[in-house]
Amino acid sequence: QRVPFVVANWKINKLQADVVDFLKKVDGKVPDQAVVETGIAAQDLFLADLVRATAASPIHVVAENVHWEDSGAYTGETSPKALRDIGAKYVLIGHFERRKFFNETDSTVNLKVTAALRNGLRPIIDVDEDMSTYAQFMDAEPSVAQVAAALAGVSVDQIRNVTIAYEPTWAIGSGEAASADQAQKAAHLIRQTLAKLYSPVIAEQVRILYGGSVTPDNAREIMAQSDIDGVLVGTAALDPDKFLKLVAIA
Ligand code: 13P
């Protein structure tokens, strides 16, 4: 069935020496990817080093963003072709912080998703809440529109390489995670959406992660939910011991 997936999202929080230190501390302690898949999302400038440093480790290297053109005059952007070339395996696309601070829209997210897939990268597509129910705050549902828009033009063959991550905006970095029940309901709604867009069989094959204030304390209950296949972790995953605990829980 679906292999659990634990992804650390370091954002822009580590320096070179911290990266080396983290890898040293988790070295040899991460299980085989057939049991649980693990990934580390880091700033572009660390990715090539990370690929080399994890060559003998099951940890996958994840980019935090990508451009939608393979090459050309796009100063400051990162080419999906180059990401693939250096050995990155996954890429986060449409994280709430990218949508909020860098004006990413459903349409640029979709361009990035198709560019990643075209280049053999596996997108981890981030969705947050449906703004029409946002006023209800903690009860907001995941944005089905974001899921559908991100996947426009993604084929039945390609969808198998996609992971969806639900991260409610209010839970990101707040110390207040969704309850396991809220996270399950959200993941279930996303899976139903995938069933409508593709088929129920395919929907069962796509991994859905929860993100937002995940810690070793709340992860067990969240990951025990039937529609949740793993976690996307910011703050807690900066700490190698907590990262290893999360992987052990998965
Ligand atoms: P925190 O785990 O710090 O809430 O961050 C979540 C996140 O944004 C992961 O992508």
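How many salt bridges does a search of the whole structure find? The search finds 14, a salt bridge being a side-chain nitrogen of Lys or Arg within 4 Å of a carboxyl oxygen of Asp or Glu.

1. Basis. This is a predicted model: local features need pLDDT of at least 70, side-chain atom pairs count only at pLDDT 80 or more, and totals for chains, interfaces and linings use all residues. Numbering runs from 1 along each chain as its sequence is written, and side-chain values use heavy atoms, with hydrogens and water left out.

2. Asp128 and Arg99. Their side chains form a salt bridge at 3.9 Å, N to O. Asp128 sits in the loop between strand 5 (122–127) and helix 6 (144–150), Arg99 in helix 4 (residues 96–101), and the two are 29 residues apart. Helices (H or I, at least four residues) and strands (E, at least two) are DSSP runs, numbered from the N terminus. Both residues are buried (under 20% relative accessible area, 1.4 Å probe, protein chains only).

3. Asp227 and Arg191. This salt bridge spans 2.6 Å, N to O. Asp227 lies in the loop between helix 10 (219–223) and strand 8 (230–233), and Arg191 in helix 8 (residues 180–197), so the pair ties together parts that are 36 residues apart in sequence. Asp227 and Arg191 are both buried.

4. Arg191 and Asp229. Arg191 also meets Asp229 in a salt bridge, at 3.0 Å, N to O. Here helix 8 is linked to the loop between helix 10 and strand 8, 38 residues apart.

5. Network. Salt bridges connect Arg2, Arg191, Glu204, Asp227 and Asp229 in a network.

Conventions:
Buried < 20%, exposed > 50% of the residue type's maximum accessible area, 1.4 Å probe, protein only.
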